[in-house]
Amino acid sequence: MEPIIKVQNLIKVYKTYKRGTGLIEVIKSLLKRRYRSKEALKGVSFEVQDGEILGLIGPNGAGKSTIIKALSGVLYPTSGEVKILGLTPWKNRVKYVKNIGVVFGQKEQLNWDLPAIDTFVLNKDLYDIPKEIFWKRLRMMLKMLQIEKEISETPVRDLSLGERMKCKLTGALLHNPKLVFLDEPTIGLDVIAKDKMRDFIKFVNAKYKTTFIITTHDMQDIEKLCKRIIIINYGEIIYDGPLSKIKEEIISSKVIEAKFEEFKKRFRFSGCKVLEKTPYSIKIEVNTKKESIKRIVEYLLANYECVDLTITNPPIEEIIQKIYEHEKIRRHS
Amino acid sequence: MNMKKYAGIVKFGLKTGLAYRFEFILSIFTIPLSLLVYYFLWRSIFEYSGQTVIQGFTFEAMITYYTLSMIVGFFTWTNIEKWIEYDLIAGEMVINLLRPMDFLHANYFFELGMKIFSLITQAIPIYLIGLIFFSLKLTTFLNLCLFIISLILASLIFFMMSYLIGILAFWMKRISGISKAKRPLITFLGGGILPLSFFPETAQYILYFLPFQYVRYIPISIYLGKFSLTSALALIGVQLAWVVVLYLFAIWLWKRAFQKFMGEGV
């Protein structure tokens with residue numbers, strides 16, 4: 001099947017200027033500006049299939065937002081080719097943005113002075129949504145996201161963060177776009193609200209085959225929504241593949257946590273790392289390529305009075321952090 | 001062209017305008033106030049000079065001129081460049097660009113919506129105040145029609161000039177300085193402070209080739225019946241030409257501005 005998004009060798013260089021602090025530096029910069037080029041994207045290529053939920057992750061300043069902006073048609077890249085739904089986003093901006101929805105978690109997208117419903121009605125006209133479909137869809141979305149009618153009729157500035165976020169998502173999805181970019185959609189939300197948001201995204205993806213591209217720092221978002229992730233750092237893709245592969249292959253480690261009646265003997269076992277130790281418990285990380293889980297568990301059961309034993313995967317945050325750090329080490333050497 | 005789209009954005013502008021309705025209601029009182037200043041200024045000038053006609057203007061004609069100047073100024077004035085500057089500085093531009101609408105048209109129709117409320121609620125009161133208190137004269141039906149056409153074109157020229165200043169913010173970041181210079185420059189060169197017939201002949205000649213007088217002086221003079229039908233039509237033609245030239249320039253400049261845009265704020 002033809003991919004919905006095709007990105008080839010996307011490069012973006014920002015040109016900005018620099019100056020030191022102090023009055024003399026300020027005056028100097030008036031006369032002569034020292035320019036600085038910042039390579040935000042250094043040749044990024046990937047494809048996205050129709051109906052996918054893709055997670056785009058990376059540390060701050062890695063280039064995630066630049067990708068989102070270039071792909072949503074509001075930014076001219078320095079070079080490279082992007083074909084989405086057969087269009088080049090920044091060249092056919094007006095025509096192109098009709099097909100997409102964008103939510104910036106950190107940005108107010110609804111008119112601050114007006115109730116959200118006014119922005120929704122504007123979208124109805126801008127995206128040419130037939131009246132009956134518009135109201136039906138709006139009712140459905142408000143119900144699913146548990147937004148009361150009154151909330152959509154209150155000026156946006158008087159709403160809570162969670163309410164605004166839900167309204168933003170509604171605004172971005174009302175025209176049933178083929179492709180949706182979510183830039184940190186759960187930022188600042190509580191656990192329940194986050195879950196609601198994720199369920200809703202999943203529902204829309206399943207029902208309308210909407211393609212989602214999500215950037216986030218919340219690994220729960222990724223784990224619950226994405227099958228595939230792209231990790232980006234220093235403007236380059238450092239991983240593109242299934243989430244499960246990251247979990248299973250790249251870092252093949254398990255965490256064993258054991259609780260004891262009493263911790264008499266010293267723990268002696270090579271090939272694993274002790275993460276935490278108290279008189280009644282121990283937490284160890286095992287590299288399953290070097291040591292088998294079975295041997296450790298047998299050792300623990302044979303030598304200690306275990307009351308509890310759990311084996312878990314290390315949290316995804318740690319894995320990602322390792323990849324980031326790994327990348328740094330490779331770069332510095 | 002999709003009219004529904006434009007109607008939608010006009011409505012949206014209207015709603016935004018109504019969110020600040022108090023400010024609009026207040027300006028019903030402030031506009032006649034500045035008219036009063038001109039009224040007393042010219043009354044003392046006429047009394048002091050002892051003449052009844054200055055540069056072809058009687059006192060009554062002078063007050064009519066300023067009343068019309070207020071009306072034309074009120075109709076044509078826009079601060080769209082400040083909105084553009086604000087959106088760039090505050091990092092809101094990305095949100096605008098995500099709307100499936102050409103930037104120029106989106107701005108124009110939003111602004112139109114913002115203004116419609118004040119135009120409807122204030123243009124007629126101001127006209128009435130002019131008629132009753134400031135001896136504004138009624139004009140012939142033909143002149144009124146020509147005046148309205150000229151007024152619409154004037155507002156388009158004004159909009160284009162402001163929009164172009166706004167687009168400069170993509171390079172300069174802050175355009176408050178130019179924006180502040182805009183008011184006295186356009187008002188003065190457009191004939192809002194003094195009728196242009198007070199200017200030296202060479203200045204008047206040069207001003208024919210600049211867009212400024214077409215946003216103020218020309219519509220006023222058409223209302224006052226200073227031109228024959230043919231020259232009035234010719235001047236309307238010049239206005240139209242300015243609209244086209246500035247429009248094409250705006251499209252050209254926008255293309256460059258968009259390529260320059262760094263997507264700040266997100």
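Over all chains, the count comes to 22 salt bridges, a salt bridge being a side-chain nitrogen of Lys or Arg within 4 Å of a carboxyl oxygen of Asp or Glu. The model is predicted: local features need pLDDT of at least 70, side-chain atom pairs count only at pLDDT 80 or more, and totals for chains, interfaces and linings use all residues. Residues are numbered from 1 along each chain as its sequence is written, chains are lettered from A and ligands numbered from 1 in the order in which they are written, and side-chain values use heavy atoms, with hydrogens and water left out.

One of these bridges pairs A:D218 with A:K194, with 2.7 Å between the closest N and O atoms. A:D218 sits in the loop between β7 (211-215) and α9 (219-225) of chain A, and A:K194 in helix α8 (residues 191-208) of chain A, so the pair ties together parts 24 residues apart in sequence. Helices (H or I, at least four residues) and strands (E, at least two) are DSSP runs, numbered from the N terminus. A:D218 is buried at 16% relative accessibility, and A:K194 is buried at 18%; buried means under 20% relative accessible area, exposed over 50%, and partly exposed in between (1.4 Å probe, protein chains only). In another bridge, A:R295 and A:E291 meet at 2.8 Å, N to O. Here A:R295 is partly exposed at 47%, whereas A:E291 is buried at 10%. Shared partners join A:K194, A:D195, A:R198, A:D218, A:D221 and A:K224 into one network of salt bridges.

The nonpolar cores come next. A core is a set of buried Ala, Val, Leu, Ile, Met, Phe, Trp, Tyr and Cys residues joined through side-chain atoms within 4.5 Å. The largest has 105 residues, and A:L71 and B:Y163 have the most contacts inside it. Helix α7 (residues 141-172) of chain B gives this core its largest share, 16 residues. A second, separate core of 60 residues includes A:L122 and A:V204.

On a 1 Å grid over the protein atoms alone, a cavity is a set of points where a 1.4 Å probe fits but cannot get out, and lining residues have an atom within 4 Å of a point. The whole structure has four cavities of 30 Å³ or more. Of the 18 residues lining the largest cavity, the closest to its centre are A:V102, A:Q109, A:N123, A:Y127 and A:G171.

Methods
1 Å grid on protein atoms, 1.4 Å probe; cavity = no way out; pocket = protein on both sides within 12 Å on 5 of 7 lines; lining within 4 Å. Points joined across faces, edges and corners; volume = space filled by probe spheres on them.
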